[in-house]
Each structure stands twice: as C-alpha cells, then as structure tokens.
Amino acid sequence: MINIPKVKLGIAAVSRDCFPAELSKERRQKVVKACELQNIQIVEVQTIVENEADVLKALDELKNADVNALVVYLGNFGPEGPETLLAKKFNGPSMFVAAAEETENNLIDGRGDAYCGMLNASYNLGLRKLNPYIPQYPVGTPDEITGMIGDFENIARVILGVSKLKLIGFGPRPQDFLACNAPIKPLYDLGVEIMENSELDLYESFQQHKDDSRIPSIVKEMEQELGDGNGYPGILPALAQYELTLKDWAENNKGASEYIVFANKCWPAFQRQFGFVPCYVNSRLASIGMPVACETDIYGALSEYIITCATKLPATILDINNTVPKDMYENNKDKFNDYKLNDLFMGFHCGNTPASCMKNFAMKYQLIMHRLLEPSKEPDISRGTLEGAIRPGDMTFFRIQGTADCSLKCYIASGEIIDVDPKSFGGIGIFAIKEMARFYRYVLIAKRYPHHGGVAFKHAGKILFEAMRMLGVQDIAFNQPPSMLYKDENPFK
C-alpha cells in the first residue's frame, strides 16, 4: 500500500502526585515489553507526566521521535488536568487506557486506582471537548492493553489518512442517475480537500500521455497479473496510458495533502472518447491503496479509502444490486448455513474489484455499456472490465455519506461472501448479512443511502465504528446492535 499513512505509536505514562510515579513507570515498561512480544512498535516516552511542565517535556519527546498516534497510559490515578492537556496539545489521534491491579499481595503500596482515574480523565476530556479513543473496557493488564493498542493503531491510521486526504473528482453525474450526489461541505469538516475537474481536463491529460515511455512496462505488469485471463490484450496499451494519467495527476496535484483518491465519471461519454471502459485500471489503483470510485461517487471513494486504512487491505465499491433467486438458494442450502433468503443479496459492479479480492477473474467487456453503445457489434469501446466471482470469506459493508443538510452518517454491516457461483456477469458475489431485510428497509431505504457500498474483505466493524466516532459521525447504523462489535473477534457470526 503506497497511499496510506504509517502510524508511529508513542506511549506516555501519567501519575497523580499523591501516587508513586515509579508505579506508573514500571507498568508502562511492562506494556512496552508486551507490545514488543506482539511486534507492535511503540516509542516509550521517558517523562512521567505529573504536571503541566511534564506535558511540555513529553510533547518534545513525542515530536523528536516523529510520533503521530499517542497512548496516554494511566499507570495510576493520573493527574486529570495535565493528562488531558497532553492529548489536547498533541498533534494527532490519542487513546486513553488504564492499568489493572496485578495481585492481591500488593494492594497497599502497589495499588494505583487507575480504574477510578479513568472516570475523571473522561470527565476532563469532555470539558476540553476532546474525542480520543477509549476502548470498550479500557482497564487491563499489559497483555490486554497491548490488544487495545493494536486496535488503536488501525483506528489512528484512518484518522491520519482522512486528515491528509485530497479527493479528486472528474465530471458530474448524469441527470438520470443522481444517486451518489451529495454536498461536499461535510468533507471539508472532516479535513478532506476536494479538487473537482471536468472530463475534458482528464481527456487532455490522457492525450498528453499517448507516447509515454512507461506504457510498455505497465502493459507487462497487466499481462502478468491477468495471465490466462487476458481476454483483450489489444486494449492494454490504452489502459496503461490511462493508469499513468491518473497516477501522474495524483502526484502533480497533491499540493498540501499527502494521500489521493479519485471519484471519476466513467460512462457514457467516457467510452466514446477514450475508447474503453476504465474498470480494470480502477481495480489496479485500488490494489495499491488509491481507490477510484465509479460514477463520480465522492463518498464512495472516501468509504473505500477509510476501509483501506482500517484494514491495510484493498477495498472495493459494489452496488447492493439484486436478490438471490429462490431456486439458487434451495439448490445451495448446505452453503448458506442458517441465513434466510432475505439475508442474501448480490453485490455487483462492472469490473473494478482488485484481482486479489476475486476468486477468479478475466479481462472482458462491459455488457451494459455494450448494449447501450455498440449493440450488435463486436465489443470495442466497452472492453476493459475485470470480471469474475468475488472471493468468499468474511466481509464488512460500509459507507460514509454526506446528507442534504450537510451532516454525516454511516452504516456498518458485517457478514460474509458465500462460495456459490453467482451465474452472472461483472465482478459479482453473493453476500450474506444477518437481518439484511430489516437493514435494507430501515437503514438503507429509511435513511436514504445510495446503492453503492464499500467492501472490506474482513470483519472490521469495531475499527470502523471507533474511527467514525472519533471523526464525529453521529448517525452510525448497524445490522446488529453495536454491542455485538465487542462480543468476540467475529461478532456477526
């Protein structure tokens, strides 16, 4: 992944002046050791924060070590003002956790009361209007705290990525397909920069890459990836030219941002002018952490990017598309386990899903565009999709969306992709989500979400939920109660 942040964790222990600072120090050292055993790299701040002067010393240590995600560790009760001031002054996401008592044999000099201190820390964070990550149960042993820090690393990657992201769009949506239109003001509220361009800008840049010397090497990459699925080798040079166009546009237009995603209009004028469909290129850029959302879906692009940061895996965007026929359900009952028919649907798009996320794939033509633009002809300008069955396994459907009144909302629905042949075209798979019928009616329809959803190829509900909460999203909908996120590692099974 070349387009997501590298999280550098730091841990600072705090101590209230009427408790022994040595207790916080010893407990911090044990947490750091536990992190090392779990291959979690974390910078150990040597200053024990007891007062505001210590806050400044700790901040200097964090800055000098290039730490961008801070764990505030209550080794004992902790000083409420300084510990929350540390989070306020730190330039990045923070997390608050507290030490559990170790043994019944040391509850006089070795009792830290951090369980109590977390309550007052939370109260003071509210006074300062801060919104750090506080785990579901934020008090634990070094091993337990290490697990919480592992979650925080993924959450922090989302916060850091969104704060330094630029979303580049090409072209407006057509009048008869307005579903993903949404105001951009909430994106600015998140700290995302927006750059909107016309399709003519994109076409001009594409033409300037016509004889780019890098095209043959990109074609070779594509040939190696496609293997026996290279159904239309003649289209690869044009697709390589387009891929270089987008990569160069991203590099040349980052400006003050560090990360780039795209939301591009991809039909119907695109095919007539460029001479292909861009789906395969979109899939390749998603594979390296630079999603290209179809159909100028700006919030779809953001959703894909958030998933990528949360999981460190490629994401895709799919239509919540069509029902599973009853006979297909009956003929594959053994594979659907205890899912009801209305728990199932097919997730589909033309061919933008990364090859690594597909069970099988091949370069094909886009059937819907072929019907529309070149009926009764051999496929030409409709070539360029990556089609096949989407890989079975755990997944999370997720979308963040701006509303007409410029607020933010999102949904999180975890389930799985079933290993049953969908018997259709495009990049497609059969998705199973518990209580999907209720979710479809009372979340997707009632809350007016569009048809596109981002797909994480693992259960990522807890990380996405906490990241959205830290980003200030108030309206978060689930297919099951939020408490299920914390039930176990696979809460939706």
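This is a predicted model: local features need pLDDT of at least 70, side-chain atom pairs count only at pLDDT 80 or more; totals for chains, interfaces and linings use all residues.
Q: Which elements are included in what covers the buried residues of α7?
A: Residues are numbered from 1 along each chain as its sequence is written, and side-chain values use heavy atoms, with hydrogens and water left out. Elements are DSSP runs numbered from the N terminus, helices (H or I) having at least four residues and strands (E) at least two. The cover over the buried residues of α7 includes β6 (165-170), α9 (236-252) and α10 (269-274).

Q: Which residues of helix α7 are buried?
A: A residue is buried under 20% relative accessible area, exposed over 50%, and partly exposed in between (1.4 Å probe, protein chains only). In helix α7, which spans residues 199-208, the buried residues are L202, S205 and F206.

Q: How wide an arc around the axis do the buried residues of α7 cover?
A: L202, S205 and F206 are the buried residues of α7. They lie on the same side of the helix because of the arc they cover, taken from the directions from the helix axis to the C-beta atoms. An α-helix has 3.6 residues a turn, so residues three or four places apart point the same way. The arc in α7 is only 105°.

Q: Which strands are included in what covers the buried residues of α16?
A: The buried residues on that one face of α16 include F439 and V443. What covers the buried residues of α16 includes β10 (316-322), β11 (344-349), β15 (408-418) and β18 (475-478).

Q: Is M95 buried or exposed?
A: M95 lies in strand β4, residues 94-99. Beyond four places in sequence, M95 touches L70, V71, V72, P132, Y133, P135, M148, I149 and F152, where contact means heavy atoms within 4.5 Å. With a relative accessible area of 0%, M95 is buried.

Q: What distance separates the C-alpha atoms of M95 and L70?
A: L70 is among the residues that M95 touches. Along the chain, M95 and L70 are 25 residues apart. Their C-alpha atoms are separated by 6.2 Å.

Q: How far apart in space are M290 and I4, C-alpha to C-alpha?
A: M290 is found in the loop between α11 (279-287) and β9, and at 8% relative accessibility it counts as buried. Outside four places in sequence, M290 touches N3, A250, I260, F262 and L285. M290 and I4 are 286 residues apart in sequence. In space, C-alpha to C-alpha, the two are apart by 8.4 Å.

Q: Which residues are joined by a cis peptide bond with omega of about -10°?
A: The second residue of the pair, P268, lies in the loop between β8 (259-264) and α10. The cis peptide bond joins W267 and P268.

Q: Does E295 count as buried or exposed?
A: E295 is found in the loop between β9 (292-294) and α12 (298-311). Its phi is near 60°, a positive value in a residue other than glycine. At 10% relative accessibility, E295 counts as buried.

Q: Does R448 count as buried or exposed?
A: R448 also has phi near 60°, a positive value in a residue other than glycine. Its place is in the loop between α16 and β17 (452-456). At 69% relative accessibility, R448 counts as exposed.
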